[in-house]
Amino acid sequence: MRRIDKARAAYALLALVLAALFLGGGFDRADWAVQDRLYQRLSLISPDIYVIGIDEDTLGALGPFQSWGRDVTAGLIDKLCEDPDSKPAVIGVDIGFYGSRTPEEDDALVRSVQNAGNVVLVSYASFGTVIEQNAAGFSLGTSVQTLEEPFPALKDAALSSGHTNVQPDADGVIRRSLQAVTYEGRTENSFAYEVFRAYTGAEAAPPLDQDGQWYIPYAGKPMDYFGAEGEGSSFIRVLNGEYPAEMFADSIVLIGPYSAGMLDSYYTPVSRDTQMYGVEIHANVVQALLEGNFKQHAPLAAGLAALLLLMLLTFVLCGRLDIRFGALAAVLLSAAYPALCVFLYDRGWILPVLYPLLGIWLTFFFRSFYNYWLERQERRRLVGVYSRYLSPQIAEDIARKGEGALAIGGQKRDLAVLFVDIRGFTTLSEQLEPERVVEFLNRYLALTTRCIFENDGTVDKFIGDATMALWGAPAAVDDYVFKAVKTGLQIAAGAGELASALPGGGTVGVGVGIHCGDAVVGNIGTDFRMEYTAIGDTVNTAARLESRAKGGEVLISEAVYRRLSGRIEAACLGECILKGKAEPVTVYRVEQIREETEE
């Protein structure tokens with residue numbers, strides 16, 4: 001399978017895994033938390049909605065709520081409606097009056113509610129698990145088992161009643177409002193919806209999900225509808241007349257628990273660290289209904305499409321860009337997608353946020369890792385190829401730069417060129433069996449290669465029993481002329497040891513020729529057949545010097561001698577005419593090295 005096909009297959013597998021997680025809700029809780037931060041932006045609370053809370057001050061003045069008589073609530077309703085011209089438009093009482101108490105208490109409350117003519121009361125549904133039968137067979141479901149409602153006389157006196165059930169999501173956060181419940185064939189709307197209807201005389205149709213709930217865009221955080229802490233609309237303060245009645249004129253007044261001990265507080269998207277009392281959740285729902293501020297989750301297919309599309313875009317971009325620009329592309333996509341989500345949210349649509357962002361970055365890291373792995377594999381391949389004629393260090397350097405570093409073409413470089421050939425090899429091949437000849441030749445070539453690599457040279461080619469080496473190409477080498485001469489001496493010494501191991505003490509030696517100067521180096525050939533080499537007079541001169549060297553001799557040109565003046569000891573052999581050269585060349589035989597480092 002081609003590498004690109006492997007990448008696509010791995011990407012497709014990653015996309016399938018994330019799609020399965022998305023469809024299975026694997027990271028829903030984390031996604032909800034991200035959505036809360038992105039979507040839930042507080043706005044101005046409605047000036048027409050007030051919360052009167054049964055707070056700690058109230059409980060301190062009137063005692064535990066369980067000990068209250070119903071006439072206490074009746075007294076507050078009477079206080080609010082004392083002046084018919086400045087009474088609230090709607091009073092929503094988030095207190096359950098289920099069943100009768102004493103006739104005096106019941107009658108007082110019924111009379112107050114009836115006289116006010118604007119009171120909405122609450123009911124409460126209890127759910128249970130039922131076995132449902134459908135086309136697919138049997139499944140477990142939930143249904144309303146009981147519905148607690150205001151006692152009959154009170155229910156008749158009120159405008160209406162609505163259920164106060166809230167259903168947290170799996171992480172315990174209230175994000176949705178249950179629009180209605182059905183009990184014994186009768187529909188009971190939510191308390192907030194009934195308050196809205198009583199206030200406007202209109203109907204609303206918020207978009208419901210499969211659970212019959214709709215998304216709450218919170219306008220206020222805890223205490224916003226109640227007022228600043230210590231200065232809010234406390235039940236006892238209103239009852240004592242500390243607030244003027246006209247303050248609540250023609251408004252919506254919601255009365256409910258505002259104390260932790262009354263166990264009516266919940267976590268919300270805008271208060272994940274501080275619980276919000278149920279009555280303020282109802283206030284937020286009423287405001288959303290009044291403003292027609294409805295949001296609905298986009299179809300599952302839309303979220304899946306966003307996830308896969310962003311993953312594909314990231315995959316393509318990161319495949320064409322290097323890691324820095326790929327990371328920049330991932331950052332830009334990660335900024336653009338939430339901006340799109342906010343844009344669509346303001347127009348009523350809710351898209352998943354975390355899953356597509358997760359898809360972007362997992363794809364980026366996958367693609368980056370895969371590209372890195374491919375690069376490592378390619379580098380290993382190139383090192384393996386180049387190590388055949390380059391030292392490991394130079395091969396690694398070329399591999400890092402890629403094959404482009406050895407593209408077809410040439411460039412002029414200042415080089416040191418070494419040729420070495422065996423003297424007496426023809427006689428040796430006549431004396432020994434072919435297998436022994438090949439064995440000796442391999443040992444000799446291994447010697448020349450090792451010495452060249454140890455001195456950072458490049459094995460350009462083997463020509464029969466001759467070896468050509470370069471210093472200064474394809475990669476720059478420090479002190480390359482000196483290293484070429486040092487290599488020649490090491491080869492000459494090593495060849496003597498090889499010859500001593502021959503049967504009968506053979507007389508085989510090597511001749512070495514070294515020259516330096518400008519040459520053209522590069523890959524010469526075609527796309528399907530090319531060879532990295534050097535050409536020019538510098539190469540030819542080194543080859544001619546090698547042909548004149550006797551066994552064990554390392555001959556260098558005057559150019560080499562001048563560059564290494566004082567660092568080597570060499571005997572001048574005088575001028576000679578080399579084949580292919582019009583002018584005589586001064587030749588030196590290297591005797592030994594004086595020092596290792598360049599002056």
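Author: In this predicted model, the largest nonpolar core comprises 40 residues. Those with the most contacts inside this core are Tyr 444, Trp 471, Val 485, Val 510, Ile 514, Ile 556 and Val 560. Both helices and strands supply it: the elements that give two or more residues are β15 (409-423), α14 (425-431), α15 (434-454), β17 (466-471), α16 (480-500), β18 (509-525), β20 (554-557) and β22 (585-593). A second, separate core has 32 residues, including Ile 77, Phe 97, Ala 158 and Ile 255. In soluble globular proteins, nonpolar side chains tend to be buried together.

Glu 553 is found in the loop between α17 (537-548) and β20. Its relative accessibility is 13%, and because the limit for a buried residue is under 20%, Glu 553 counts as buried. Two polar partners can be named for the side chain of Glu 553. A polar atom of this side chain lies 2.9 Å from the backbone nitrogen of Lys 550, and the side chain also makes a polar contact of 3.4 Å with the side chain of Arg 589. Leaving aside residues up to four places away in sequence, Glu 553 touches Val 510, Gly 511, Val 512, Arg 548 and Arg 589. One of these, Val 510, is among the residues with the most contacts inside the largest core.

β2 pairs with strand β10 (residues 252-257) in the parallel sense over 4 bridges, and Leu 254 in β10 is the bridge partner of Gly 92.

Within β2, Ile 91 has a relative accessibility of 0% and therefore counts as buried. Not counting residues up to four places away in sequence, Ile 91 touches Ile 77, Leu 80, Cys 81, Asn 118, Val 119, Val 120, Val 253 and Ile 255. The C-alpha atoms of Ile 91 and Asn 118 are separated by 5.9 Å, although the two residues are 27 residues apart along the chain.

Finally, two cysteines may be considered. Cys 341 is buried, with a relative accessible area of 0%, and Cys 516 is likewise buried, at 5%. The count of disulfides comes to 0.

Notes. Residues numbered from 1 in each chain as written. Predicted model: local features only at pLDDT ≥ 70, side-chain atom pairs only at ≥ 80, totals over all residues. Heavy atoms only, no water. Pairing = 2+ DSSP bridges. Core = buried A, V, L, I, M, F, W, Y, C linked by side-chain atoms within 4.5 Å. Buried < 20%, exposed > 50% of the residue type's maximum accessible area, 1.4 Å probe, protein only. Polar contact = N/O pair within 3.5 Å; in protein donor to acceptor, adjacent residues only side chain to side chain. Contact = heavy atoms within 4.5 Å. Disulfide = S-S within 2.5 Å.
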